[in-house]
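Work through these exercises with the model open beside you. Try each task before reading its solution.

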Amino acid sequence: MDVVPVSLAGRSYDVTIKRGCVLDDFAHGASEYFESYRAKGAVKARKVPVVADTNTHLIFKAALEQSLASEGLAPDWFVVEPGEGAKSWAVLEQLTDWLLELGITRSDHVIALGGGVVGDLTGFACAVLKRGCEFIQIPTTLLAQVDSSVGGKTAINTRAGKNLIGAFHQPAAVFIDPMVLDTLPDREMRAGYAEVIKYALLGDAVFFDWLSDNGTKVLAREPDALAHAIATSIRAKAAIVAEDERETTGVRALLNLGHTFGHALEAETGFSDRLLHGEAVATGMVLAAQYSARRGDISQEDAKRASTAIGDAGLPANVASLGITCSGSALADHMRHDKKMEGGTLPFLLLKGIGQAYLARDVELADIAEFLGEQLGAQ
Ligand SMILES: NC(=O)c1ccc[n+]([C@@H]2O[C@H](COP(=O)([O-])OP(=O)(O)OC[C@H]3O[C@@H](n4cnc5c(N)ncnc54)[C@H](O)[C@@H]3O)[C@@H](O)[C@H]2O)c1
Ligand SMILES: O=C(O)C(=O)C[C@@H](O)[C@H](O)[C@H](O)COP(=O)(O)O
Ligand SMILES: [Zn+2]
């Protein structure tokens with residue numbers, strides 16, 4: 001078992017990483033968070049609100065019900081359709097109305113049982129509900145286990161772009177059970193793996209080499225390799241979040257490597273199954289490496305190593321192969337909504353080497369548009 005603390009003034013919490021911690025004994029491990037439900041007058045006494053999507057509801061319903069029953073509790077389910085569509089105003093409204101009807105109080109803990117979509121939606125609902133109530137993350141995708149469940153970024157999407165309405169709201173606890181990934185489709189495993197490669201590229205060359213040797217084992221869900229990849233990722237994220245919780249100093253922005261390009265690709269493909277978030281980030285990291293090489297920040301050889309690692313994992317390393325027909329300028333236009341925008345300029349996460357990401361403040365969007373035009377045309 002690994003317990004990774006996320007140290008934040010007045011709002012620290014633990015990330016527990018343990019095989020079986022959800023499927024076998026979640027309610028026992030999390031029992032301290034359920035006191036309010038046992039107390040007289042709590043939300044539908046002894047019923048715990050759980051947000052899931054139809055897949056995670058179907059797959060984990062019985063296990064969670066059994067586990068909560070051992071503590072004298074039962075789940076009250078709010079189930080959304082799978083996919084980015086649930087990160088919307090409409091679903092947020094339904095979820096907050098439901099929680100209010102249950103009589104939720106600030107000290108009650110809502111459970112987010114699912115991938116990044118369920119986590120981001122539930123976290124945001126809890127951030128705004130009564131100006132902040134508690135929630136627990138039970139991430140069930142690799143992406144959510146290595147990234148979205150930790151750090152307190154919560155959000156929904158809007159017509160204008162990705163995660164544009166949101167809040168920083170930290171969970172009270174995170175429980176990561178790698179066993180839940182046994183049912184995850186391979187494509188989703190690969191998408192989550194993109195965020196694992198991200199930690200290596202942004203700040204850990206040793207981890208990059210380890211992934212080159214062990215990535216296949218991680219994707220095959222071999223327990224030791226998977227546990228190492230999850231724990232290394234979460235330690236990296238916890239350290240960055242502890243240093244710059246609200247992305248104000250530039251340190252947390254490192255976690256956005258590949259995302260400015262990636263979010264533009266997601267917007268252009270309609271936030272759909274056509275390109276998953278992790279896939280878009282994978283292509284975005286290759287673009288960041290190639291653009292860094294074009295500026296002379298990183299050697300062509302290291303840029304190639306980054307793109308090879310991504311391609312070898314079965315992720316889209318070549319933007320031209322995505323079948324996107326728009327111009328480079330159209331892609332760059334999506335970036336004007338990026339939350340890192342300062343005045344008229346957009347700082348970009350670029351690479352000086354493998355494991356050496358930095359925030360470049362001298363990038364012109366017009367140059368990015370030209371670069372993207374070249375890349376979209378290249379086969
Ligand atoms: N808050 C953050 O810091 C942060 C970080 C990274 C990504 N994100 C967000 O996360 C979202 C992507 O999350 P995701 O990749 O987890 O996608 P997701 O939540 O859409 O889940 C992917 C698919 O896997 C299914 N699924 C989930 N767990 C399963 C399991 N154990 N077995 C079988 N199927 C399962 C889901 O039903 C869904 O169909 C994006 O919206 C992205 O913006 C947020
Ligand atoms: O935790 C962070 O900080 C991240 O940037 C993690 C990203 O993987 C994640 O996709 C995040 O939601 C992107 O944030 P945004 O601020 O660009 O919307
Ligand atoms: Zn991401």
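**Exercise 1.** Is R221 buried, exposed or partly exposed?

*Solution.* This is a predicted model. Start with the count: R221 has 16 other C-beta atoms within 10 Å. Buried needs 20 or more, and exposed needs 12 or fewer. R221 is therefore partly exposed. Next, locate the residue. R221 sits in the loop between helix 8 (205-219) and helix 9 (223-243). Its backbone is worth a look too: R221 is not a glycine, yet its phi is positive, about 65°.

**Exercise 2.** Describe the shell around ligand 1.

*Solution.* Begin with the nearest residues. The shell has 31 residues, of which N55, G115, G116, T141 and S148 come nearest. Now sort by class: ten are nonpolar, 14 polar and seven charged. Finally, ask which helices contribute. Helix 3 (54-69), helix 5 (116-128), helix 6 (142-148), helix 7 (186-203) and helix 11 (277-295) each give at least two residues.

**Exercise 3.** Take T141 and V117 from the UniProt "binding site" feature and describe the setting of each.

*Solution.* The feature comes from an unreviewed entry, and its positions include V117, T141, K153 and K162.

- T141 lies in the loop between strand 6 (134-139) and helix 6. It has 27 C-beta neighbours inside 10 Å, so T141 is buried. Beyond four places in sequence, T141 contacts G115, G116, L184, E188 and G192.
- V117 is part of helix 5. With 26 other C-beta atoms within 10 Å, V117 is buried too.

**Exercise 4.** Trace the pairings of strand 2.

*Solution.* Turn to strand 9 (residues 173-176). It runs parallel to strand 2, with three bridges. Here T16 stands opposite F175. Last, compare the faces of strand 2 (residues 13-17). Y13, V15 and I17 form the covered face, while D14 and T16 form the uncovered one.

**Exercise 5.** Find the residues that touch the most other members of the largest nonpolar core, then follow M285.

*Solution.* In soluble globular proteins, nonpolar side chains tend to be buried together. The largest nonpolar core here has 120 residues. V51, L113, I197, L201, M285, A288 and I310 touch the most other members. Now follow M285. Beyond four places in sequence, M285 contacts I197, K198, L201, L257, G258, A306 and I310.

**Exercise 6.** What is the helix and strand content of residues 192-341?

*Solution.* UniProt, in an unreviewed entry, lists this stretch as "domain: 3-dehydroquinate synthase C-terminal". The chain there is 65% helix and 0% strand. Its end C-alpha atoms are 26 Å apart.

Methods
Residues numbered from 1 in each chain as written. Chains lettered and ligands numbered in written order. Predicted model: local features only at pLDDT ≥ 70, side-chain atom pairs only at ≥ 80, totals over all residues. Near = placed C-beta within 6 Å. Helix = DSSP H or I, 4+ residues; strand = E, 2+ residues; numbered from the N terminus. Nonpolar A, V, L, I, M, F, W, Y, C, P; charged D, E, K, R; others polar. Core = buried A, V, L, I, M, F, W, Y, C linked by C-beta atoms within 7 Å. Contact = placed C-beta atoms within 7 Å. UniProt positions renumbered as here; feature names shortened; annotations may be inferred. Pairing = 2+ DSSP bridges.
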